[in-house]
Amino acid sequence: MDLVDYYDNEKFEVFKDMVTGFVEDSAMLRLGDFFPLLGFLDSPGARARAKNRYAKLYAVFDGAIEERIRLRDSKPGYSQEFNDALDSLLDFVNEESSEFSRHDVLMLLMDLFVVSIETTASTLEWGMAELMHSPTKLHKVKEELQQSLGKNGEVEESHISKLPYLNAIMKETFRLHPPVPLLVPHKANEDVELGGFTVPKNAQVVVNVWSIGRDSHIWANPNSFEPERFLGSEIDFKGSHFELITFGSGRRICPGLPLASRTFTFILASLLYHFNWKVANEMNPENIDLSHNRGLSMNKAQPLLLVPIKV
Ligand code: HEM
C-alpha cells in the first residue's frame, strides 16, 4: 500500500507532517492523561487539535482501504495486483466467519504507520546523532561493518547478529532515548506490594523508563553515550531485564519489538556501511545539539541534518 509516492515530495511531506503533528499533539496531551491533577497545565485546544489530526489520518487510511476494495471489486477474480499486506488483510476480512473487520484493518494500519514510524525514526535519528557526536565510536562501528562485510558487500539481515558493537549501539540508544518515555499507563489489577510500598488495586501506574535509563544506581556515567557498557553484558530490552524496558514488559510489551530492533540495526548498518556522513552547514559534529524537545515525546529538539557522501 503506497500512502506516499517516493517521487512526489509534496505528497510525502503532507503525510509526514500529518504523522509528526499528530504525535506532537498527542505528546502534549499526555500530561493530564498521565497525571490527572496536572490536567490544567495542558495547552488549551491541544485535545481538539489532536482529534482533528486523528480525523485527517483516519480519512487517509480509510480512503486507501476504500480505493483498494473498489479496485478488487472492479476486477472479477482479482489476482492481488499489489499482493501486499493490505491485500492479505482484506482477504482475511473476507474469509467466511472471520471476526476481523474492515475497521480492524484500519486500526492496524494506523498503529503500523503512526506508532511504528515515529518511534523507530526517532531512535534512528538519535543513534546517528550520538555517533556523529562521538567520532571514535562512529569509526569503531564502521570498522566492524568493514571487517564483517568486506569492501563491496551488501548489508543482509543475517549479518546483524554478528555485529556486537552495532547491537550495543542500539541498546545504548534505547537506554538514553526511549521514544515512549513513560510507557503507556497501566492499572493495578489488585493490591501489590512493591519495594516497600503498596500499589492499591485500580491505581494508575506510570513507569518512567527515561529515568530508569539514567539512574546512576544502575548505570555508570548514565548520561553518557557508551555502547561499550553492553559489550559482553547479558542485559537486553526484551522485557526480562527491568533496567532496560524501552518496549515495556509482560503481556502488554510492544508487539513491534522484533520489527523495530531489526529495522533499527538494518537501516543504521546500511547508512553507515554505504555512506560517510558530514553535518550540514559545515557544523562541527561536536556542536550537534543533543537536547530533547519539550513535552513528553523524546524527539530531538533540533532535527539532525546530515549530508551523505557515497563510499
Ligand atoms: C523503537 C521502536 C519502538 C519502541 C521503543 C516502542 C515502545 C512501545 C512501548 C513502550 C509500548 C507500551 C508498552 C506498555 O504497555 O508498557 C508500545 C506499545 C505498542 N507498540 Fe511499540 N514501540 C516501537 C515500535 C513499534 C513498532 C515498529 C510497532 C508496529 C509495527 C509498534 C506497535 C505497538 C503497538 C500496537 C502497541 C500497543 C500494544 C498494546 O497495547 O498491547 N511499536 N510500544
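**Figure 1. Ser-261, a buried residue of helix 9.** In this predicted model, Ser-261 has a relative accessibility of 11% and therefore counts as buried, the cut-off being under 20%. Ser-261 belongs to helix 9, which spans residues 257–274. Apart from residues up to four places away in sequence, Ser-261 touches Met-170 and Phe-237.

**Figure 2. Cys-254 and the iron atom of the ligand.** The SG atom of Cys-254 lies at 2.3 Å from the iron atom of the ligand, and Cys-254 is the only protein donor of this iron. Cys-254 is located in the loop that runs between helix 8 (209–213) and helix 9.

Figure 3. Nine aromatic pairs are present in the structure. One of them joins Phe-174 to Phe-237 in an edge-to-face arrangement, with 5.1 Å from centre to centre and 85 degrees between the planes. Phe-174 comes from helix 7 (residues 164–176), whereas Phe-237 comes from the loop between helix 8 and helix 9, so this pair ties together parts that lie 63 residues apart in sequence. Phe-174 and Phe-237 are both buried. Phe-237 also pairs with Phe-247: their ring centres are 5.6 Å apart and their planes meet at 40 degrees, so this pair is tilted. Phe-237 and Phe-247 are ten residues apart, and both are found in the loop between helix 8 and helix 9. Phe-247 is buried, as is Phe-237. Together with Phe-264, the residues Phe-174, Phe-237 and Phe-247 form one aromatic cluster.

**Figure 4. Lysine residues over aromatic rings.** Lys-300 lies over the face of Trp-126, at a distance of 5.8 Å from the ring centre.

Figure 5. Side chains of opposite charge can pair when their charged atoms come close. The whole structure contains 13 salt bridges. In one of these, Arg-72 is joined to Asp-87, and the closest N and O atoms are 2.8 Å apart. The bridge links distant parts of the chain, since Arg-72 is in helix 2 (residues 46–74) and Asp-87 is in helix 3 (residues 85–94), 15 residues apart. Both partners, Arg-72 and Asp-87, are buried.

**Figure 6. The salt bridge of Glu-228 and Lys-140.** Glu-228 and Lys-140 form a salt bridge whose closest N and O atoms are 3.2 Å apart. Lys-140 lies in helix 5 (residues 135–149) and Glu-228 in the loop between helix 8 and helix 9, so the bridge ties together parts that are 88 residues apart in sequence. Glu-228 counts as partly exposed, at 30% relative accessibility. Lys-140 likewise counts as partly exposed, at 36% relative accessibility.

Figure 7. The side chains of Lys-238 and Asp-236 meet in a salt bridge with an N to O distance of 3.8 Å. Lys-238 is exposed, with a relative accessible area of 54%, whereas Asp-236 counts as buried at 19% relative accessibility. Elsewhere, salt bridges that share partners join Arg-68, Arg-72, Asp-84, Asp-87 and Asp-91 into one network.

**Figure 8. The largest nonpolar core.** In soluble globular proteins, nonpolar side chains tend to be buried together. The largest nonpolar core of this model has 38 residues, of which Leu-131, Leu-268 and Leu-272 touch the most other members. Two or more residues of this core are given by each of helix 4 (102–133), helix 5, helix 7, helix 9 and strand 5 (275–279). When neighbours within four places in sequence are left aside, Leu-272 is in contact with Met-128, Leu-131, Leu-138, Val-141, Lys-142, Leu-145 and Trp-277. A second, separate core has 17 residues, including Leu-90, Leu-106, Leu-109 and Val-114.

**Figure 9. Ile-160 and its surroundings.** Ile-160 is part of helix 6 (residues 157–160) and counts as buried, at 10% relative accessibility. Its contacts, leaving aside neighbours within four places in sequence, are Val-155, Leu-166, Asn-167, Thr-265, Phe-266 and Ala-269. Ile-160 and Arg-262 are 102 residues apart in sequence, and their C-alpha atoms are 8.3 Å apart in space.

Conventions. Residues numbered from 1 in each chain as written. Predicted model: local features only at pLDDT ≥ 70, side-chain atom pairs only at ≥ 80, totals over all residues. Heavy atoms only, no water. Helix = DSSP H or I, 4+ residues; strand = E, 2+ residues; numbered from the N terminus. Buried < 20%, exposed > 50% of the residue type's maximum accessible area, 1.4 Å probe, protein only. Contact = heavy atoms within 4.5 Å. Donors = N, O, S within 2.8 Å, 3.2 Å for Na, K, Ca; no water. Phe/Tyr/Trp six-rings, centres within 6.5 Å; stacked < 30°, edge-to-face > 60°. Lys NZ or Arg CZ within 6 Å of the ring centre and 35° of its normal. Salt bridge = Lys/Arg side-chain N within 4 Å of Asp/Glu carboxyl O. Core = buried A, V, L, I, M, F, W, Y, C linked by side-chain atoms within 4.5 Å.
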